[in-house]
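This briefing concerns one structure, shown below.

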Amino acid sequence: MKIVVCVKQVPDSAANLVAENGVASWGDAPLVINPWDEYAVEAALNMGGDVTVVSMGDENAKEALKHALAMGCQEAILVSDPALANVDTQGAAKALAAAIEKIGDVKMAFFGRQAIDGDAGITPAQTARVLGWPALTFTASIAVDGDSVKVERSVEEGRQTVSANLPAVFSIVKDYGEPRYPSFMGIRKASKAEIPLWGLTDLGIEAPASVVEWPELNNPPAKDVSVEIIEGGSPTEIAEKLADKIMAEKIL
Ligand SMILES: Cc1cc2nc3c(=O)[nH]c(=O)nc-3n(C[C@H](O)[C@H](O)[C@H](O)COP(=O)(O)OP(=O)(O)OC[C@H]3O[C@@H](n4cnc5c(N)ncnc54)[C@H](O)[C@@H]3O)c2cc1C
């Protein structure tokens with residue numbers, strides 16, 4: 001069974017995001033595979049088929065692909081084209097769907113639930129829409145039976161069981177289970193991997209037009225914060241003073 005997993009290269013979660021001249025900047029923070037996408041790789045590998053990992057981005061995205069190869073994916077493809085540099089989620093979905101179609105005969109396409117930089121969380125559903133496949137989002141467990149699949153969705157109220165026919169798109173949540181660490185052999189294999197680059201011409205699509213524009217990007221307004229250290233002769237005295245302050249400020 002052919003399986004695809006889509007991963008994004010993002011700034012490390014500890015990075016400090018600031019808006020500079022209307023553009024998001026993470027400074028020189030290291031780039032890593034989107035943490036949610038490691039769960040998607042884990043789910044893809046557990047299906048037991050041939051897993052191809054796909055990322056859309058610039059040359060840096062090869063590091064995310066290599067991480068997934070080191071975890072155990074067999075093949076990696078970088079989707080990259082100057083015309084895809086600033087696309088919106090619909091554009092990303094069109095490019096990823098075209099890559100999935102070009103790989104051919106794919107039965108399952110895995111995604112993380114959300115990218116920690118863009119935070120849209122809709123690329124999986126939009127890719128499913130472009131492909132005309134069912135979107136099984138927030139998936140925490142998967143049972144395949146022939147050409148049908150049953151998943152448990154992890155939602156706020158609990159678990160919801162849904163079923164669909166393959167091929168289908170899945171977005172995977174943390175409840176799926178801890179992703180494996182890259183193995184030593186995997187890291188060696190990944191370091192030598194030749195990763196093909198597919199541009200728009202290879203994908204056979206036009207440059208996608210954005211339907212959602214980002215006209216402005218601002219830092220949140222600075223908060224007026226003052227700090228008061230409560231002194232006292234004993235922990236009880238400090239706690240009492242703190243409790244009085246909390247009551248006086250009507251926090252409780
Ligand atoms: C310079 C710049 C300008 C931008 N301008 C706009 C704009 O004008 N309008 C707008 O709407 N957005 C804009 N974006 C955001 C961009 O469209 C999103 O980063 C992208 O579409 C995916 O959305 P997301 O990151 O929120 O992913 P989500 O929807 O949160 O991602 C969910 C999952 O989809 C998969 N996925 C997402 N992106 C990729 C990828 N690149 N490769 C492989 N898998 C992926 C991953 O599995 C991920 O876990 C801009 C981004 C940049 C860097």
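The buried residues of helix H4 pack against helix H3 (89-103) and against strands E8 (106-112), E9 (135-145) and E12 (168-172). This is a predicted model, in which local features need pLDDT of at least 70, side-chain atom pairs count only at pLDDT 80 or more, and totals for chains, interfaces and linings use all residues. Residues are numbered from 1 along each chain as its sequence is written, and side-chain values use heavy atoms, with hydrogens and water left out.

**Helix H4**
- Helix H4 covers residues 123-131, and its buried residues (under 20% relative accessible area, 1.4 Å probe, protein chains only) are Thr123, Pro124, Gln126, Thr127, Ala128 and Leu131.

**Ligand surroundings**
- A backbone N or O atom of valine 87 is 2.4 Å from a ligand oxygen atom.
- Polar backbone atoms of two further residues lie by a ligand oxygen atom: alanine 120 at 2.7 Å and isoleucine 122 at 3.0 Å.

**Second largest pocket**
- The lining of the second largest pocket consists of Glu228, Ile230, Leu242, Lys245, Ile246, Glu249 and Ile251.
- A pocket here is an open set of points on a 1 Å grid over the protein atoms alone where a 1.4 Å probe fits, with protein on both sides within 12 Å along at least five of seven lines; lining residues have an atom within 4 Å of a point.
- The lining holds four nonpolar, no polar and three charged residues, with Ile and Leu counting as nonpolar and Glu and Lys as charged.

Key:
Buried means under 20% relative accessible area, exposed over 50%, partly exposed in between (1.4 Å probe, protein chains only). Helices (H or I, at least four residues) and strands (E, at least two) are DSSP runs, numbered from the N terminus. Contact means heavy atoms within 4.5 Å. A polar contact is a pair of N or O atoms within 3.5 Å; within protein, one must be able to donate a hydrogen and the other to accept it, and residues adjacent in sequence count only if both atoms are side-chain atoms.
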